[in-house]
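These notebook entries record what I looked up, item by item.

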Amino acid sequence: MSKKCLGCGVELQDENVKLEGYTTSLDNDLCMRCFKLKNYGEYETATKSREEFISILDKVNKTKDLVLYVVDALNIPEDLATIRNYLHNKLILVINKRDVLPKSVSDEKLVNYFKEKYDFFDDVIVISCEKNLNLDYLLSRVKFYETSKNVYIVGYTNAGKSTLINKLIKNYSESDRELTISPLPTTTLNMISIDINDYLTVIDTPGLIDEKSLTNFVSADDLKRLNSKKEIKPRTYQIKKGYSIIIDKFARLDYVDGERNSVTLYISGAIDSKKVISSRHDDLKDLNKNEIKLASDKDIVISGLGFIKVVEKGEFNLYLDKKINYFTRDNLI
């Protein structure tokens, strides 16, 4: 009988060190990859195609069980509606990492924002696994909507799915099992089923890969800086035409035309930023230039970095690696 890694869920094997699931002995509970991650903080990339992830979602869809779609509050996917292309189950949007957003942000406003824009979610719940915020409420809504004891958890890599499950285990189960958690993507390689209690079994799934996220193209050290563990302190710059905001080594925003404006960065505190006169600084102008015309009250979202809140309408040039995605939306905050 095959044995699966308790960390990532992949089938264990002791024959090929280069293949996923390798362990020095089938008596072990962890593959070598998870063992190194858990004990030494060493990460080895494991790649699966997007088609394989979609195949897993197709299997979830056939169950008709309740699904929790977990997203990172700072890095909301561009098109949340995409999930409906693959899943027609009862669906709860779980906005995780609430502790990273400023305390002044209203949870009710966040919930209403997504309910108004995406009417197919059965519920929208804001949580913080780090602070145990609203987990009791989440569990009560799970009990209300579940169609069986099985509840699937899906989402993009690094949204906090495994962290959520570990909190559910710790808070509501007598089990001492723990999933492998990492700030790097693609940690969970297969579906993992865990009995929380008599009425709830959660199934973790591999994270969907945002192939155009900044997090896929930076070093491990930069990835730690991007993934803030602390509450973000918004940085507001009053700018006028001819000024630029330089965001570390990742992005540059030039204000090309418009009236005096207010720009607020919602990014990790470990990421540097500065306001400069555009004509006197050429920082990052070698990156791909994107011309953006914004109406008032819009965000510029840079996948994996965070978002920029803009108050007044204006014209901007955003310099960004061409492999990284950006999009605009109505102000989240």
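**Entry: the chain as a whole.** I counted 6 helices and 16 strands in the protein chain. The model is a predicted one. I then compared the radius of gyration with the value for a compact globule: for 333 residues that value would be near 20 Å, and the chain has 21 Å, which agrees. The C-alpha trace spans about 65 × 45 × 35 Å along its principal axes. I noted that buried residues account for 53% of the 333 residues.

**Entry: an open sheet.** I followed the strand order S11-S8-S9-S15-S12 through an open sheet of 5 strands, with antiparallel pairing. Which strands stand at the edges? They are S11 (273-277) and S12 (288-294); each has a single partner strand, so one side of each is left without a neighbour in the sheet. From one strand to the next, the twist averages 20°.

Strand S8, residues 243-247, runs antiparallel to S11 and is joined to it by 5 bridges. One bridge I located pairs Ser244 with Val276 in S11.

Asn158 is not a glycine, yet its phi is positive, about 70°. I found Asn158 in the loop between strand S4 (150-155) and helix H5 (161-172).

With a relative accessible area of 41%, Asp297 is partly exposed.

**Entry: the second largest pocket.** I noted a volume of about 270 Å³ for the second largest pocket. Its lining consists of Arg50, Pro77, Glu78, Asp79, Thr82, Tyr156, Ile209, Asp210, Glu211, Lys212, Ser303 and Asn325. By residue class, I sorted this lining into 3 nonpolar, 3 polar and 6 charged residues.

What lies nearest the centre of the largest cavity? Of its 28 lining residues, I found Asp72, Asn75, Thr157, Ser213 and Gly304 nearest the centre. The cavity holds about 360 Å³ of space. At least two residues of its lining come from each of strand S1 (66-72), helix H6 (220-226) and S13. I divided the lining of the largest cavity into 14 nonpolar, 10 polar and 4 charged residues.

The second largest cavity holds about 50 Å³ of space. I listed its lining as Arg50, Tyr69, Asp79, Thr82, Ile83, Tyr86, Tyr156 and Leu208. By class, the lining of the second largest cavity has 5 nonpolar, 1 polar and 2 charged residues.

**Entry: a cross-check of the linings.**

Terms used: Residues are numbered from 1 along each chain as its sequence is written. This is a predicted model: local features need pLDDT of at least 70, side-chain atom pairs count only at pLDDT 80 or more; totals for chains, interfaces and linings use all residues. Side-chain values use heavy atoms; hydrogens and water are left out. Two strands pair if DSSP finds at least two bridges between them. Helices (H or I, at least four residues) and strands (E, at least two) are DSSP runs, numbered from the N terminus. Axes are lines fitted to C-alpha atoms, for helices over the stretch in contact, and angles run from 0 to 180 degrees between N-to-C directions. Buried means under 20% relative accessible area, exposed over 50%, partly exposed in between (1.4 Å probe, protein chains only). On a 1 Å grid over the protein atoms alone, a cavity is a set of points where a 1.4 Å probe fits but cannot get out, and a pocket is an open set with protein on both sides within 12 Å along at least five of seven lines; lining residues have an atom within 4 Å of a point. Grid points are joined across faces, edges and corners, and a volume is the space filled by probe spheres set on the points. Ala, Val, Leu, Ile, Met, Phe, Trp, Tyr, Cys and Pro count as nonpolar, Asp, Glu, Lys and Arg as charged, and the others, Gly among them, as polar. The radius of gyration is taken over C-alpha atoms; the globule rule is 2.2 Å times the number of residues to the power 0.38.
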